[in-house]
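Hi,

Here's the structure I said I'd pass along.

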Amino acid sequence: MTGLPRTIAIVIALLLVPATALAQAPADPNTPATAPPRLNGTQWLAKHLWIVGGAGYAVARAGCDTCDQAGVYHDSLSVTVTGGVHATPRVDAGVEVHWVALKVTGGEAMRTTFILATAQVRPWVQRGLFFRTGMGVGIVGRGLWSPIGPDLAPPFTTNALALVYGTGWIFKVKNRWAVQAHATHYVASLGELTKTDGTTMTNVVGNYWTVGLAIVVR
Amino acid sequence: MGYVTLPLYLGHASGRPLPWLLLACLLVPTAARGQDADAPRLNLTLRDVRFDLPAGSQAQPALGRPDCSGCPARNLWLPYVESLALNVLYNGLNHARGHETANVSPKTWLANLQAGFEWDHNAFMTNQFGHPYQGSNYFTSGRAHGLSYWESAAVAAFGSGTWEYFYENNYASFNDLINTTVGGAALGEVMYRLAWALRDPTGKGKNQWAALAIDPMNGLARATSHDADRITSKPADVAGRTFTWRATSGVVFQGPTSVELLSTTSAFFDIDVQYGDVRTGRSTTPFEAFSTQIAVGGGPFTQATIRGRLFGKPVGQRRQGQITIFQIFDFMTNPAYAFGGQGFELEVGRRYDLGRGTSLWLAATGGVSILAAVNSLLQPPDGVTIPDAIDKRTYDYGPGARFGGVVELQRGNLMRMSLTYQGFQVNVVDGRHAIHILQRVGAEVRVPVRRSLAIGAAAEYFYREAYFWRAGSRSDQSPQFRLFMAWSKGL
């Protein structure tokens with residue numbers, strides 16, 4: 001993992017480490033035994049922390065105005081990291097970062113990085129079934145390009161809009177630890193894309209189907 | 001695409017059973033029971049996000065609501081079945097109209113599933129209003145069967161997803177999925193609440209037909225469940241809610257634009273509805289207060305906007321400030337520009353009491369358009385060639401930012417004078433690659449003539465700058481003036 005994904009992973013890890021450590025903080029001794037302890041912001045965050053990290057197998061299809069109607073398929077490894085909170089016993093919400101590869105017209109595969117606001121719902125609290133959806137940006141290559149922003153060397157994508165939906169099952173292991181199996185469909189509208197060979201494709205849309213396993217702290 | 005739901009309703013109103021209702025009975029599985037009755041609940045409407053049936057029976061009360069004889073029986077599965085039935089209906093309508101896309105088969109299903117989502121090239125009206133309306137049918141089906149706002153939004157997503165994959169033979173449309181789901185939720189909740197504000201379930205039958213026309217899926221559910229025959233209270237989440245409305249009609253003068261080189265003058269008519277008060281009170285209930293505006297003039301259907309409150313909180317020592325998060329639905333077409341989309345906005349406002357029943361409201365807004373559509377007829381600078389619009393589609397898609405502000409002078413409950421500014425930034429991801437920045441500033445004055453009658457004048461100046469990738473920038477501008485009479489009434 002290099003470049004932007006690594007930077008994002010480090011930032012998320014740094015943000016989450018203190019909160020994880022605080023998860024073991026003792027309750028305020030002055031709180032009456034019968035009343036639930038009143039939590040400050042950090043304690044609440046630690047108690048409600050929701051982290052998912054895992055990997056999977058992905059198949060990606062790229063389509064664009066000038067691409068073959070059938071699209072270009074490519075399979076690869078995918079990596080997912082999600083950090084957030086469980087807002088209610090049924091609803092988790094957070095930020096998801098997902099990496100997967102895409103080929104537009106054959107040749108070299110390009111990495112797509114998804115950064116999504118995501119929400120996960122479990123219809124039955126005592127059961128593992130969950131549904132997940134999210135929306136955010138999907139970035140190919142080096143990052144976002146803007147006519148009023150900095151110059152970038154190709155390959156880069158100029159715009160991005162992404163969403164994800166999927167389902168899965170959580171198998172509880174111990175206390176807050178669990179393992180989940182999931183199947184998700186990511187969609188990224190990548191706009192205009194310039195490859196390393198200098199060719200530009202317009203209105204590129206990537207579809208990424210992923211199955212995978214992840215470790216859950218909740 | 002036509003959206004004819006009245007015959008569907010009439011079939012039920014006359015008491016004839018529908019075949020798909022039998023299908024629904026066959027498909028509804030044994031209800032799974034929630035097992036977390038003692039689970040802690042936060043003071044958020046998210047607590048209503050369950051997607052399962054409450055422990056006990058299907059009968060209300062449920063979800064911690066007080067006793068509510070008018071609440072519909074909660075049924076988790078029927079809205080999903082009805083969504084499939086709606087898809088069959090719409091597909092049938094497309095068949096009847098000879099749409100080639102309506103010819104579906106397992107082969108097209110497989111091809112669509114393998115291809116995933118792409119963008120479609122339908123007309124602006126179809127994509128930005130037709131699909132949200134279709135989504136509102138799915139959504140209100142959920143609301144009619146006792147589901148919460150968020151749960152019903154999931155029904156809209158399901159209805160949209162299944163429509164895109166299985167009821168059309170072209171590839172599933174990314175923009176349709178978002179517009180149908182998010183726009184459908186906004187439009188549907190407005191329809192649901194307005195219908196209930198009109199409907200009188202205590203036996204008088206007042207405004208039943210109007211409610212039916214506004215929210216046919218709820219009328220259908222009430223007819224088939226025989227709730228319409230019972231004398232009840234209103235559901236808890238709409239009980240006691242009323243709205244005020246204002247009808248405005250006059251003439252509008254539109255200045256020249258880069259597209260319409262000659263100025264035009266035409267008649268217009270619009271209706272503003274205020275449901276609750278979006279500028280006061282604490283709320284975490286979606287659309288417990290909203291404002292909406294529908295306008296015609298200068299075209300068959302020129303504007304439909306919704307600002308539904310998702311969260312509201314008074315601030316300040318005297319509670320004169322207000323922080324609000326809105327869900328936004330925009331549909332605007334006029335000779336100067338076309339803009340539509342789904343978004344969310346944060347508004348920070350404050351009311352200043354000026355005495356003698358006069359007050360000044362100041363507010364600033366900022367937010368995001370998760371998907372906006374903007375017309376793309378602006379031409380690049382001379383000598384620069386850019387590709388033709390996709391499949392001759394005259395508008396482009398992208399996410400973006402939105403921002404604005406308002407200064408409004410009120411006397412009593414009537415707006416006397418206002419200054420507004422609105423800006424939309426659209427980062428095109430499908431179409432002629434560009435960043436569009438649309439801005440409009442407006443001023444309006446109203447003078448009361450009689451108790452509920454006023455005359456007024458308004459002016460608006462529109463300016464757009466579009467930055468085309470590798471093709472330079474281009475701007476457009478157009479003034480607009482309106483003279484009108486307004487009639488307002490509170491229900």
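A quick word on terms before the strands: two of them pair if DSSP finds at least two bridges between them. Keep in mind that this is a predicted model.

Strand 11 (residues 414-427) of chain B pairs with strand 12 (residues 434-448) of chain B in the antiparallel sense, over eleven bridges. As an example, B:Met417 has B:Val445 in strand 12 of chain B as its bridge partner. Strands 11 and 12 of chain B form a hairpin with six residues between them, and B:Gly431 in that turn has a positive phi of about 135 degrees.

Strand 12 of chain B also runs antiparallel to strand 13 (residues 453-468) of chain B, with 15 bridges joining them. There, B:Arg446 stands opposite B:Gly456 in strand 13 of chain B. A hairpin through four residues links these two strands.

Now the rings. The count is 27 aromatic pairs over all chains. One of the ring pairs is B:Tyr80 with B:Phe158: the centres are 5.1 Å apart and the planes at 75 degrees, so it is edge-to-face. B:Tyr80 lies in helix 3 (residues 78-96) of chain B and B:Phe158 in helix 6 (residues 149-166) of chain B, so the pair ties together parts 78 residues apart in sequence. B:Tyr80 counts as buried at 18% relative accessibility, while B:Phe158 is partly exposed at 30%.

Finally, two charges over rings: the charged end of A:Arg127 sits 5.3 Å from the ring centre of A:Trp124, and B:Arg307 lies over the face of B:Phe326, 4.1 Å from the ring centre.

Cheers

Key. Residues numbered from 1 in each chain as written. Chains lettered and ligands numbered in written order. Predicted model: local features only at pLDDT ≥ 70, side-chain atom pairs only at ≥ 80, totals over all residues. Heavy atoms only, no water. Phe/Tyr/Trp six-rings, centres within 6.5 Å; stacked < 30°, edge-to-face > 60°. Buried < 20%, exposed > 50% of the residue type's maximum accessible area, 1.4 Å probe, protein only. Lys NZ or Arg CZ within 6 Å of the ring centre and 35° of its normal.
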